[in-house]
Amino acid sequence: TEPQPPRDPIAGRRLLPLTGQLQQVVDASTANPAGVSVRDLSGRYGDQQIAVNGTFRPKAASVIKLWILVELLRRVDCGQVSLDDGVLVTPAQVVDGTGELQHETFPQVVTLYRLAEYMIKYSDNTAANVLIDYFGGFAPVNDLIDSMNQRETILARKMLDTEAAMRGEENYTSPDDVVALLGAVWDAQILTPASRDLMIAFMAEQTLNTKIPAALPPGVPVAHKTGDLPDTSHDVGYYLIPGSQVAVAFLTSGPMAGGDETVRRLARTVYDYLVEPPAGTFAP
């Protein structure tokens, strides 16, 4: 999880002024504590990573579904399962909130592919819970998290399990942990290139687009995953701008409406810097 030193320190210094701009947005968001991490993936900035409150640890909300997906795809890469395999979903496993499966008739057999796709594309809570059951509980996902030394992240309850939340069992993460996961996926360090491409394709089909995509000009390519609770608003993922690809994590706590706006401001600040960095940042 610790940010790695840039491969090219000179190029890396070109990204550092963005830290101050993000700090201003975070400081102005007094009702919504926030943290942000940005990692260069293109080499344009020497693979530099920057952060403001990178270890900020709010509730993870649906961002935790990224780790569930990586654990599933890791098993596919190891030959343990196939995405064509079916899982029997029972009525008892169906929950409301975000998602499409709740509107279908159960019991029915659902493929692992559709569970994975819906969990990201529609942020489907039922799909996430079925996959947790399929793994046999929280331990395999938490083992994955521990193996990556992601100290701020934990999966401790299922989606929409209000009783568990009232007992203090909660999912948490941080901007640095999110970007560590996204960076490892991008670099094919934890998934094969084929599984990486599938994960990013699912994220590019995200249907909840009121934060990062809404803050950017139409047509800017992004692949992302949101997270929302009444006191939480996140958006994380990839800016897929050719030659300026980055992984980003914008996490907030406090009232959701204010958090949404803070995420949009952070998202636009990063985009504007990538498109038009301050004068003098780049050598001719």
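Leaving aside neighbours within four places in sequence, Asp96 is in contact (heavy atoms within 4.5 Å) with Gln102, Asn125 and Leu160. This is a predicted model, in which local features need pLDDT of at least 70, side-chain atom pairs count only at pLDDT 80 or more, and totals for chains, interfaces and linings use all residues. Residues are numbered from 1 along each chain as its sequence is written, and side-chain values use heavy atoms, with hydrogens and water left out.

- You will find Asp96 in the loop between β3 (86-89) and β4 (108-111); helices (H or I, at least four residues) and strands (E, at least two) are DSSP runs, numbered from the N terminus.
- Asp96 has a relative accessible area of 47%, so this residue is partly exposed (buried means under 20%, exposed over 50%, partly exposed in between, with a 1.4 Å probe and protein chains only).
- Asp96 and Asp27 are 69 residues apart along the chain, and 35 Å separates their C-alpha atoms.

**Helix α9**

- Helix α9 covers residues 193-204, and its 12 residues reach 16 Å from first C-alpha to last.
- That is close to the expected 16 Å (1.5 Å times one less than the number of residues).
- The buried residues of α9 are Ser195, Arg196, Leu198, Met199, Ile200, Phe202 and Met203.
- Among the elements that cover these buried residues are α3 (65-77), α8 (175-186) and β5 (222-229).

**How α3 meets α9**

- Two packed helices are described by the angle between their axes and the distance between the axes.
- Here, the axes of α3 and α9 come within 10 Å and cross at roughly 150 degrees (axes are lines fitted to C-alpha atoms, for helices over the stretch in contact, and angles run from 0 to 180 degrees between N-to-C directions).
- The two helices α3 and α9 are therefore roughly antiparallel (angles under 35 degrees count as roughly parallel, over 145 as roughly antiparallel, 65 to 115 as roughly perpendicular and the rest as oblique).
- On the α3 side, Leu66, Leu69, Val70, Leu73 and Asp77 meet Ser195, Leu198, Met199, Phe202 and Met203 of α9.

**Backbone details in loops**

- The peptide bond from Phe106 to Pro107 is cis, with omega near 10 degrees, and Pro107 sits in the loop between β3 and β4.
- Ala61, in the loop between β2 (49-52) and α3, has phi near 50 degrees, a positive value in a residue other than glycine.
- Ala61 counts as buried, at 9% relative accessibility.
- Ala188 also is not a glycine, yet has a positive phi of about 55 degrees; its place is the loop between α8 and α9.
- With a relative accessible area of 29%, Ala188 is partly exposed.
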